[in-house]
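These are my notebook entries on a two-chain structure.

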Amino acid sequence: MEVRANFYDLVESVCCDLYIKSLKEIPPDIVDAIQRAAATETKEVAKRIFSHYLESIALGREKKMIVCQDTGIPIYWVEIGGNLRIDGAQLGDAIVRGTERATREHPLRSSIVSPIKRENRQTNSGERIPIIHYDFGRDSDVLDILFMPKGSGSENMSFMKMLIPADGVKGVKRFVLEQVVGAGPKPCPPTIVGVGIGGSSDLCMTLAKKATARPLGTRHPDPEIAALEAELLDAINQTGIGPQGLGGNTTALAVHIETAWTHITCNPVAVNMQCWRAERRRAKIWADGRVEEGY
Amino acid sequence: MAEFRFPTPLNESDVRQLRVGDAVWLDGIVFGVRDGNLIRVFDRGVAPPCDWRGAALLHTAPNVRKIGPGKYEPVSVGTTTSMRMDRFTEGLLRDYGVRAILGKGGLSQQSAALMQHYGAVYLSVTGGAAAMETLQIEEIEKVYWEDLMPECIWQIRFKGFGPMTVGIDTHGGNLQHEVQAQAQQKTAELLRKMGIG
């Protein structure tokens, strides 16, 4: 299926919009979870912190304010419908242009620098940034773009280990729990704890990141892994770290696990956390130019 | 848990009365600092171009809109993770007379000991709640070291900045450290219960 004329300009506009709106409209599943956590909190300091979270969420939605100052590392998860005839190079360029336009036009803080010289182009782009993951949808006519402005407070709390098969699932549980507790207040809890199990080292971390983008309330389709998600969440919420690490009943909103098969000698595990706002925003774009935004 | 409201700059007697968990509001100038500008001060040996005696320093790097030469208005001003700046605590307190460090996530036990010694506190701002914080700003008065944008030194005037939670007091309290130490103990217990000794 051929895409319409100016399709890549449309992608650019949509990406610009995704970046700006993602920083202002916290997804409804996250808002619900923060409200529930606030309602069940018993500690005074934690209640104070949750009231600040809810006030900032409201300011984002009602006054169109950016909820957190961190504009993040821009990450796009792109799924190209198999029926679409798309020029991948032009698509990537359009995504970069949309990111830069949002930064310039809003304006947004440019959080992106070169790794050694720390040079900032003031565009939120640079070598290999924005990060664009590509995937393909079978029998689909839709270009699906999921955007995350990944904040650094939580991104800096990323951990991976090449466990060995003899460590088993017990090793995985220990690793996840110890890393979440070690991270303590730094990732702005309550977090979504993304866990990757299996694959190679790079795939394992990508799975952990992708797991954080799953909407709250979704479970891994394999019941054994879904049970592991529940067990780890329960344990994490017994640690008492609470919002901002000041003590409280909710330290994580969810544990999401994604898996891949791995090598006979390998047992990789990765943890990637998402802060309490868990910003994400999705757009579906059809070949004829129709656009639908969501989460 | 008591509530306090102070103008800046702060006196030693202001901060010595605070206890962890207390709620604090500040009025007046707060300086925005973070990785880039503190590395310039302490690793490159460039003295900060402002007077930090009694100052409250906020770990931040805001979103701003330029409205004239050296003049900016706030778009979104929030708070970043303090632990990255932990090794600068001693110099800030000893050499520059800072009385309060404002940030998120807390500082180390070493910083807490320095705060007890020099008479300074750590005020925990609610991370991620920048929208609320931005509305408490009256004006970005001055910006130093614009070449580091957005990691400049920001001279921001607040009205009713808070409530912040006292995270480290001058009496040996370090709330975030205590919560995390308890969580570590609990984790050992949980692992045993899960059959992972």
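Predicted model: local features only at pLDDT ≥ 70, side-chain atom pairs only at ≥ 80, totals over all residues.

**Entry 1. Strand S6 of chain B**

Strand S3 (residues 56–59) of chain B pairs with S6(B) in the parallel sense over three bridges. Within that pairing, I found Ala56(B) bridged to Ala100(B). S6(B) also pairs with strand S7 (residues 121–124) of chain B, in the parallel sense and over four bridges. There, Ala100(B) stands opposite Val121(B).

I then asked which unit S6(B) and S7(B) make with helix H4 (residues 109–118) of chain B. The three make a right-handed β-α-β unit.

**Entry 2. The open sheet of chain A**

I traced an open sheet of four strands in the order S4-S7-S5-S6 of chain A, with mixed pairing. Strand S4 (158–163) and strand S6 (252–260) of chain A each have a single partner strand, so one side of each is left without a neighbour in the sheet. The twist averages 15 degrees from one strand to the next.

Strand S5 (residues 191–198) of chain A runs parallel to S6(A), and eight bridges join them. In this pair, Val193(A) stands opposite Val255(A). I noted that H8(A) packs on the sheet, where H8(A) touches S5 and S6 of chain A. The direction of H8(A) makes about 145 degrees with that of S6(A).

**Entry 3. Helices H6 and H8 of chain A**

I turned to helix H6 (residues 168–183) and helix H8 (residues 223–237) of chain A, whose axes come within 10 Å and cross at roughly 35 degrees. The crossing is right-handed. From H6(A), I listed Lys173(A), Val176(A), Leu177(A) and Val180(A), which meet Leu232(A), Ala235(A) and Ile236(A) of H8(A). By class, the residues of this contact are six nonpolar, no polar and one charged.

**Entry 4. Where the chains touch**

How many residues of chain B are in contact with chain A? I recorded 45, facing 48 residues of chain A. The elements giving two or more residues to the chain B side include strand S9 (153–168) and helix H6 (175–193) of chain B. H6(B) supplies the largest share, 11 residues. I classed the chain B side as 21 nonpolar, 21 polar and three charged residues.

Definitions and conventions
Residues numbered from 1 in each chain as written. Chains lettered and ligands numbered in written order. Contact = placed C-beta atoms within 7 Å. Nonpolar A, V, L, I, M, F, W, Y, C, P; charged D, E, K, R; others polar. Axes fitted to C-alpha atoms, helices over the stretch in contact; angles between N-to-C directions. Left-handed = near helix turned anticlockwise from the far one by under 90°. Pairing = 2+ DSSP bridges. Right-handed = clockwise from strand over helix to strand, strands pointing away.
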